[in-house]
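Thanks, everyone. Let me put the model on the screen, and then we'll walk through it.

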Amino acid sequence: MTNEKLLSDFKDVLKKEGLKVTPQRIAVLEEIIKDKGHRESEDIYMAIKSRKTHVSRATVYRTLDILVQNGFARKLNLGDGRARYETKIDSPHHDHIICNECGKIIEFVNDEIEKMQEEIAKQHHFKLQQHIHQLFGLCKECQ
Ligand SMILES: [Zn+2]
Ligand SMILES: [Zn+2]
């Protein structure tokens with residue numbers, strides 16, 4: 001997806017939500033798509049602020065919600081009550097393995113697991129729509 005297309009899609013979404021297109025909201029979009037990490041809203045807020053863009057926390061948080069609801073970003077719940085955000089643009093499905101000590105998050109895809117999940121759903125007469133697969137442990141450095 002080109003950035004221009006992305007930007008015009010985002011502007012459409014803002015209009016649909018009854019929100020103005022502002023440099024601050026566009027900065028949130030740019031920040032989420034340029035980074036391949038899994039960050040908390042506070043980290044994203046700080047990153048935007050460090051680029052000398054004056055933005056409020058409320059704007060960042062609200063815009064992140066809109067990005068998630070409209071398929072631009074993915075929100076991860078790692079069970080610690082702190083949501084992480086990652087881009088969904090040019091980011092195919094993957095699962096995560098998380099270090100309990102340092103919080104490092106590594107992405108993985110395993111075809112067998114994907115296939116098994118489909119089979120399990122089939123056995124129970126489910127049509128799978130999504131899954132969340134997270135592994136927790138200690139990374140190499142933290143063991
Ligand atoms: Zn670690
Ligand atoms: Zn990820």
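Start in the loop between α5 and β6, residues 134-137, where His125 sits. One caution before going on: this is a predicted model. His125 is not a glycine, yet its phi is positive, at about 55°. Most residues other than glycine have a negative phi. Is His125 buried or exposed? Exposed: 6 other C-beta atoms lie within 10 Å, and 12 or fewer counts as exposed.

His125 follows helix α5. That helix covers residues 111-123, which makes 13 residues. From first C-alpha to last, α5 reaches 18 Å, close to the 18 Å expected at 1.5 Å a residue. How many of the α5 residues are buried? Zero, so α5 lies largely in the open.

Now go to helix α1, residues 3-16. After α1 comes Gly18, with a positive phi near 75°.

Next, another loop. Asp90 lies between β3 and β4, the latter at 95-99. Asp90 has a positive phi of about 55°, and Asp90 is not a glycine. Asp90 is exposed, with 9 other C-beta atoms within 10 Å.

On to the strands. β3 takes residues 84-87 and pairs with β1, residues 39-40. The sense is antiparallel, over two bridges. Arg39 stands opposite Tyr85 in β3. β3 also pairs with β2, residues 73-76. That pairing is antiparallel too, over four bridges. There, Ala73 stands opposite Thr87 of β3. In short, β3 has antiparallel pairings with β1 and with β2.

Let's zoom out. How many helices and strands does the chain have? Five helices and six strands. Along the sequence, the order reads α-α-β-α-α-β-β-β-β-α-β. The C-alpha atoms fill a box of roughly 45 × 40 × 25 Å along the principal axes. Of the 143 residues, 17% are buried. Last, the contacts. Take those between residues at least 6 apart in sequence: 50% of them join residues at least 24 apart.

Methods. Residues are numbered from 1 along each chain as its sequence is written. Chains are lettered from A and ligands numbered from 1 in the order in which they are written. This is a predicted model: local features need pLDDT of at least 70, side-chain atom pairs count only at pLDDT 80 or more; totals for chains, interfaces and linings use all residues. Two strands pair if DSSP finds at least two bridges between them. The expected span of a helix is 1.5 Å times one less than its number of residues. A residue is buried if 20 or more other C-beta atoms lie within 10 Å of its own, exposed if 12 or fewer, and partly exposed in between; C-beta atoms are placed from the backbone. Two residues are in contact if their C-beta atoms, placed from the backbone, lie within 7 Å.
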